[in-house]
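Dear colleague,

I am handing over the structure below, and my notes on it follow. Please read them alongside the coordinates.

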Amino acid sequence: MSFPPPFGAHAFDGLRHYLAGLLASLPAPPTAILMVSGHWEEAVPTVGSAAAPGMIYDYYGFPEHTYTLRYPAPGDPALAARVRRLLSDAGIANAEDPARGFDHGVFVPMLIVDPDARIPVVTLSLRRDLDPAAHVAIGAALTPLRDDGVLIIGSGNSFHNLRTFFDGEPEAAATFDAWLTEAATQPDPAAARARLIRWAEAPAARAAHPREEHLIPLMVVAGAAGDDPGRRVFHDVIGGKAISGYAYG
């Protein structure tokens, strides 16, 4: 696969290395993965409940082989039902989609994280209004899943401005990345969540995220963190843009 300037053949090697080592970095193998994808939005948070999710090739103009990729991980209808119960118990309206497959926000990272596709994966949509406080609350409702060994992953990007991603100008990405790292890794998790909810006031916020669907998955993960402070576990400069990833617990 070729990449347009300023990308090169090895531009994503650091990210690939991080994703490939993700499971080994955990204290124990996860029983399942709940993936919050920046590529799925519904009126209310919606859970993919298929037992054997199919594929959704939600992109265009890519090489032919990218439309033959398969990620045959099983779903977990029981986990999907538990997600719905937890949301309902918290007073959060929700829904399920028994036909939803894996979009590329799910299968692209998971092909690297768990290439053997052994771990069940359940997907969760964003709420279409992208309200950050609402998504922190969604994450908080799902905190008990962590005690069951479920790994909650927010799939998005800390910088997502496609109009400027390829121009090589790094300033906005670096400025927002510095703010995001400081906010997400506050020693006081409640203070971190309060900062993240007000992300749009950050310097270069809208230059980094003209629309915030790729940032909001982080709000769900931070909401599920409980008393665990955040850590920056990945950082690289890709295409001249600072990119970071964060973990809790």
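A search of the whole structure finds 14 salt bridges, a salt bridge being a side-chain nitrogen of Lys or Arg within 4 Å of a carboxyl oxygen of Asp or Glu. This is a predicted model, in which local features need pLDDT of at least 70 and side-chain atom pairs count only at pLDDT 80 or more, while totals for chains, interfaces and linings use all residues. Residues are numbered from 1 along each chain as its sequence is written, and side-chain values use heavy atoms, with hydrogens and water left out.

One of the salt bridges joins Asp 177 to Arg 232, with the closest N and O atoms 3.2 Å apart; the pair links distant parts of the chain, since Asp 177 lies in helix H5 and Arg 232 in strand E6, 55 residues apart. Helices (H or I, at least four residues) and strands (E, at least two) are DSSP runs, numbered from the N terminus. Asp 177 is buried at a relative accessible area of 5%, whereas Arg 232 is partly exposed at 39%; buried means under 20% relative accessible area, exposed over 50%, and partly exposed in between (1.4 Å probe, protein chains only).

Strand E6 (residues 230–238) also pairs with E7 in the antiparallel sense over 8 bridges, where pairing requires that DSSP finds at least two bridges between two strands. In that pairing Asp 236 stands opposite Ile 243. Because 8 of the 8 residues of E7 (residues 241–248) are buried, this strand is largely enclosed by the rest of the structure.

Best regards
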